[in-house]
Each structure stands twice: as C-alpha cells, then as structure tokens.
Amino acid sequence: GTTPSGLDVTLSSVQDTGATMAVTLSSYGSPSSEANRYIEAAIMGQSTYGGQYRYDIATAQTSATITVNNNSRTNSSNPLTIVPNTQYWYGTYASNTVMSTSTVKGTFITLPAYISDVVVNDVGGGEVVVSVAHASEGTADTAYTEYSYGQTSWTVVQDTFSLEVDSATTLYIRRRNSAGTTPVHTVSIVPSTTIKLYGSVNNQAKEIRKLYGSVDG
C-alpha cells in the first residue's frame, strides 16, 4: 500500500468542552477504495498524536466537518476530559486500512465554562444582586463575565454583582476569553417596587434610598 496524502485540518469553531474541525484529504493512497478507509479529527492533551485524546471519524470521505467533545471516542486506558478555558492540541489522521498518516496542526484554548444558571435576588429599593453560575474551568486565559442591556455594549463584572433596576428589565449575560464568547444567557428582572421617593437636599432633589420611622421612641 501507499500512504494517504494531502491531509490537513483547520479549526472551524471552539466550544467550552470541544471544537469543530474541517478535515481534508487529497488522496487515500493505496488501497484507495477500501470500504473502511477514514479520516479523523482529534483534540489532544499533548503535542504528539494519540496518547490522551478525543476523536471522531468520517468513513470513506475525503473532506468532512467533525466536532470533537467529551462525548467523542477516547483512549480508554488514558481518557481525556476536555475542560473549559484550557489549552489543547488539535490534529488529524487518515487511514486506508493498510497505511496511515497523521499531523498535529496547532493549539487552541477552549471557551470559558458556559453559564448554567443566573439567580436574581431583589434586595429592595431598586437594587438586585445577580449571581452567575457555571462549571469549573482551567486557567489558560483570563475569563470574564459580562452583562448588557441591549447586546451592543458589555460591562465586565464579577460572577456576583449588584445593579440598580427601577423598572422591568431584560439582562443579557455571557462569558468571554481570548477564544471568544459563550452563548448569551437572558434573564428578565422585575423589581419589587418601581416607585422612587425624592427629598430636598440643599434645594436639590435627591433620591431617598432608606426610610426610617419611630418605634417606641
């Protein structure tokens, strides 16, 4: 037999626990029409092909878009768990069942952990505390949580932050690192009161945030 040739892979998109790759092959070599010939895309925990890795295949094709994630095949003796915000290597492999070839193309960083839940606690007076929940993640890059009112401009915050909300509001929340942004989580906030009370301070109207009354002196 002869070795498959013209094997290449490009990174199409990245997720928090996986990536989508486009694999191309010029020729399967010989035998060129074996029914079980295949191309493969892989995510690896090291710079050499195989070892600790996840992979999926496309049979009897010379080009395919393949997504590899934690549901993909793995080396059972040394399984790989793909973690958000972590650096991995990606590559490709081709076999005509007699001869094979492989290449490691480069590295990439997975997206931050996707948002699993957003809890809004109304503390009164038009103030809400927003808590963003997500899975644990690696430290390959700085990961940010950010929110927006209209998805045009975004404000970076901690995973728990306070907002002044005086009317029904839709809040958009996502997470970001150098690899990109996670899917946007949408939350509707309806504050317990939409009434504002103002008093005069030095002849200027100032919002009263706390009210006090006398009880037993």
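First things first: Gln151 sits in the loop between strand S11 (144-148) and strand S12 (155-157), and what you're looking at is a predicted model. Strands are the story here, with 18 of them and zero helices.

**Overall build**

- Draw a box around the C-alpha atoms along the principal axes and you get roughly 95 × 35 × 25 Å.
- Take the contacts between residues at least 6 apart in sequence: 55% of them join residues at least 24 apart.

**Surface and charge**

- Of the 217 residues, 35% count as buried.
- The chain exposes about 11600 Å², and carbon and sulfur atoms supply 45% of that area.
- There are 11 positive and 16 negative charges, and the mean positions of the two sets are 4 Å apart.

**Nonpolar cores**

- In soluble globular proteins, nonpolar side chains tend to be buried together.
- Here, the largest nonpolar core has 20 residues, and the ones with the most contacts inside it are Met21, Val23, Ile39, Ile43 and Ile66.
- Strand S2 (18-24), strand S3 (38-44), strand S5 (63-69) and strand S7 (87-95) each give two or more residues to this core.
- Another core, of 14 residues, lies apart from that one, and among its members are Val118, Val128, Val130 and Phe161.

- Ser12 and Val120 are 108 residues apart in sequence, and 35 Å lies between their C-alpha atoms.
- Gly125 belongs to the loop between strand S9 (115-124) and strand S10 (127-134), where it counts as partly exposed at 44% relative accessibility.
- From Gly125 to Ile66 is 51 Å in space, C-alpha to C-alpha, with the two 59 residues apart in sequence.

- Most residues other than glycine have a negative phi, and most peptide bonds are trans.
- Where does the chain have a cis peptide bond? One joins Ser30 and Pro31, with omega at about 0 degrees, and Pro31 lies in the loop between S2 and S3.
- Gln151 is not a glycine, yet it has a positive phi of about 65 degrees; this loop residue between S11 and S12 is partly exposed at 40% relative accessibility.
- Asp216 isn't a glycine either, and its phi is positive too, at about 55 degrees.
- Is Asp216 buried or exposed? Found in the segment after strand S18 (204-207), Asp216 counts as exposed, because its relative accessibility of 82% is over the 50% cut-off.

Notes
Residues are numbered from 1 along each chain as its sequence is written. This is a predicted model: local features need pLDDT of at least 70, side-chain atom pairs count only at pLDDT 80 or more; totals for chains, interfaces and linings use all residues. Side-chain values use heavy atoms; hydrogens and water are left out. Helices (H or I, at least four residues) and strands (E, at least two) are DSSP runs, numbered from the N terminus. Buried means under 20% relative accessible area, exposed over 50%, partly exposed in between (1.4 Å probe, protein chains only). Contact means heavy atoms within 4.5 Å. Accessible areas come from the Shrake-Rupley method with a 1.4 Å probe; for residues, only the protein chains shown count as cover. Lys and Arg count as positive and Asp and Glu as negative; His and the chain ends are not counted. The place of a charge is taken as NZ of Lys, CZ of Arg, CG of Asp or CD of Glu. A nonpolar core is a set of buried Ala, Val, Leu, Ile, Met, Phe, Trp, Tyr and Cys residues joined through side-chain atoms within 4.5 Å.
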